[in-house]
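Subject: Structure handover

Hello,

Here is the structure I said I would pass on. Please look through it before reading my notes below.

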Amino acid sequence: MSTPLPVVVVSDRQALPPTPGLRILLDHEFLGGTTELARGTPVVNLCADRGYLSNAWYVSLLAEARGGWPLPEPALLEQDRDRRALDRALREEGLDVLDVAEVGTRLRQMALAGTPRGEGPPVVDDPDFPAPRAPKPEERLSFRVLAGRPWPEEGPGLAPKLPRLARKIFAAWPLPLCEVELVRDGGRWRIVDLRPLSLADIDDAQRYVLLQALTHLPVKAPAAAEGMPSLAVLWDGADASCASTAETMDKLAKVAQKRGLRVERIGTEDLDRLGEHDALFIRILTGVDQPAWRFANRAEALGMPVIDHPTAIVRCGNKVYLHELLTRAKIATPKSVVFGREASWETLTAALGTPVIVKVPDGSFSTAVFKVVDEADFLARVPPLLERSPLLVAQQYLPTTFDWRVGVLDSKVLYTAKYHMVPGHWQIRALKGSSVRFGRVEAVPRDKAPAAVKRLAIAASELIGDGFFGVDIKETEHGPVIIEVNDNPNLDVGYEDAADGDLVYEELVRWFQRRLRTDLPKPTAPRPRPARREQAMEHLRRPIGRRPPEQTRPYKAWEVTGLELEYPVVDRDLNVVPLVEEALAALAGRPCSDVELGRVGYSNEIVDHVLEVKNAVPHRSLPQAEEDLVEGVRRLALVLDNRWRARLLPGGMHPWFRPEKSRLWRRSNRKIYETYARLFDVRSHGWANVQAVHVNLPFGSPEEATAMMNAARLLVPYLPAMAASSPLVEGELTGAVDNRVTWLLGHQARLPESMARLVPEPLEKFADYRRDILGPMYAAIDRLPDAQALRHEFLNARGAVFKASRESMEVRILDVQECVAMDVALAWFTRRALRDLARSLDELRPATQQALEEDLLVVARDGSRARVWAPHLPLERYRDEHGRVEARHVLAWHLERIDTRVPADEQRYVDLCGATIQNGSLSERLRAWLLPVADQEEAFTERARRTWIELADCLLENRPWAGPRT
């Protein structure tokens, strides 16, 4: 069937010349109702008048009604002047936009600083330390997009990227003609404006480029049925190393459509769109240094079925690894040797004979495989290869007229074929100059291929995984032997599929469907498309509650409470995924590091898988603070689930995360985070794997602030006895109940002045804090090279710190709990106990710093049953012969004193705290639940996994964990 010609609609017959491959019509001809359109036919609307109810508007409207693909679509015509919609669309396509709000902010900053405005939107040199200024002429660029093609095709610093940029702009905002303005801002080009153009705005040369682009517009595929899962195929028709042809991709799409799976091809520039799909099939060159690697890892992070899986890419991508793997599994291979610089021609030939096949570990497509025939050839060829890789693989030469290629999918044979050698050559591929020749491919029905060959292929592929592999095998007089196991194997119409036909594609489709669980009942609500998803996002972006009027005076001591809760983002298997930047951008509608939705805020942390949910304004009512935070958590959870099938995980530490895999936050405050990374081991527990509750309290007058900090040093050591929620580290039960605090005790040990073993020191007066606490800390920073970025109060890592910028004290010793209600209950206890202590300091006995620090250590280890000194408290009836008392008695003493005159709406917090003191912290109860199976690896892993899934559910439901009691 022939492809329908694109239809171009104009207002003036003379506007465009007749062009082969296009149907050019006048607007009244198209609107007359006689134009027939095949479904998906492009209808390019170049009418002069674009206003509402104009001919242009009706052309797009009727083109859509007739089953065509209008460019622009009616909705786009209506949004022509909606800058926010434009910015969102461009960002959805992964493009960098300098929006109107940001420009306005910068203009105000320039006005206040007296900086000349100049021409063009303000730019900054360093995003982390923005000082806006007028752009230089070379920092501004304008070009036109003509149906996805750039004009001119070159620009300063952008020549290689303009075509790709133009395609992405056209995909995001499909206007046939537009002009785009960019500025060089913070070291990168950013879009600042996009203006529609008409035919009258372009010259003859541009008309020619436009017509060429229009003749190559694709026919838009009919929309898939609602709820049909989507398989993204990463493919590039211009890449000679693609593992499948366009015809093959069409065949796969046709078979998949019949079986209820939609296939859409994506390119290497579409990483940001991957989350719109349900599964990924990679058909371009793989390797850890290739674009496909990013797609495979992103798909894994999103919990998507993927071929090829990152593990398969790593295992198949290195021949040294494959040699070790196959040898250990006693899989038959030719005689092989892994060697380095110490090897000689004599030693290799003694083991393998001559000639010798030498392979570079990470080569592909036979391009790094050489036949070495003698010592002179060895000396000429091997040393340069050893410069590229310290290890090479040498293999026995086994001449055959063909190799078996067995396609294996999920431990089953998918197809079998004979790859014949190029005539006159020893390989299936021969390169001579710039020309490449391939040997003949002879498909063999899989039930006719030798059983021993198929068994060997399956055994080898099972060492790699359950994906799609191409196993190369030679038949010898001693039986078949494995040459290689390849990820991303070729599959082409008329070649590998020639014997078994559509069965090959049907089984590929079934592989994805099984992992997508398409056999389950379909959801009652259809899967949202991008436009519908954006409408849903508008709802999620609405303010949470009404912000109170701006406070015109400082808060009094204890008047309000502010909470900050930290959570890692995880996939459905609870593995950490770096999605914070994307999640914040989705909530804000633009890339950012902070989002405020009414009374709730969100912000990043030092690593890009952890974010903070917080009260944007402090609350007088803790129940109201809880209500706002619960709504904030649920909205964020909806975004994560709908877009990436991800979720938030509660608890003070991720139970099995290995922090060396973490990545620093890069979007903002980069200098600060990079300085931390240079001075400390930030890819460690205590840094990349800690989640705390921060309780912020206004400190009032200097006298009140001093009393507040002195009270904090008496309470901080004992709070982990009820707040510990981190019993596991890297999947193992340790000797500590509060592993987060245990790791924090050493995380800034290089600067002991910033820690004080976490227990705050006593103060005589408020001014002593700057002199005795911040002064030595800043002096220590000054002694370190290039560390000034950390010369701020945030460097103080004690369990309670003053934040002069907020006029508050922040208590940082609490682990995040399983739900917001428990976090707020602990905040309620902390605030009331501190206030009681601050009023009673004169009545309490002295407590040495050493005793308090010892108490924190033992509480972090043993929890509520820890035996502590608590020398300042009158607990004689509970003390043992050594003078120690259990930490739970310390907490009970505080609860008894503050459990008076509690408002009715806060009584629930009294009950929650009382139950925790009686039954033990969340961490203690989790330990009790896991200990019985601690020596049974599989049972322990499964119980831990199910338990933390339940904890994640507790967070969404705002429900305390009803686990076993200690």
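This is a predicted model: local features need pLDDT of at least 70, side-chain atom pairs count only at pLDDT 80 or more; totals for chains, interfaces and linings use all residues.

Residues are numbered from 1 along each chain as its sequence is written, and side-chain values use heavy atoms, with hydrogens and water left out.

The chain has 29 helices and 35 strands; these are DSSP runs numbered from the N terminus, with helices being H or I of at least four residues and strands E of at least two. Of its 966 residues, 54% are buried, meaning under 20% relative accessible area with a 1.4 Å probe, protein chains only. The C-alpha trace spans about 95 × 80 × 55 Å along its principal axes. Among contacts (heavy atoms within 4.5 Å) with a separation of 6 or more, 68% join residues 24 or more positions apart.

Now to strand β22, residues 468-476. This strand is mostly covered, with 7 of its 9 residues buried. β22 pairs with strand β17 (residues 402-409) in the antiparallel sense over 6 bridges; two strands pair if DSSP finds at least two bridges between them. β22 also pairs with strand β23 (residues 479-487), again antiparallel, over 8 bridges. β22 and β23 form a hairpin with 2 residues between them. F469 has a bridge partner in each neighbour: V408 in β17, and D487 in β23.

Regards

How values were computed:
Buried means under 20% relative accessible area, exposed over 50%, partly exposed in between (1.4 Å probe, protein chains only).
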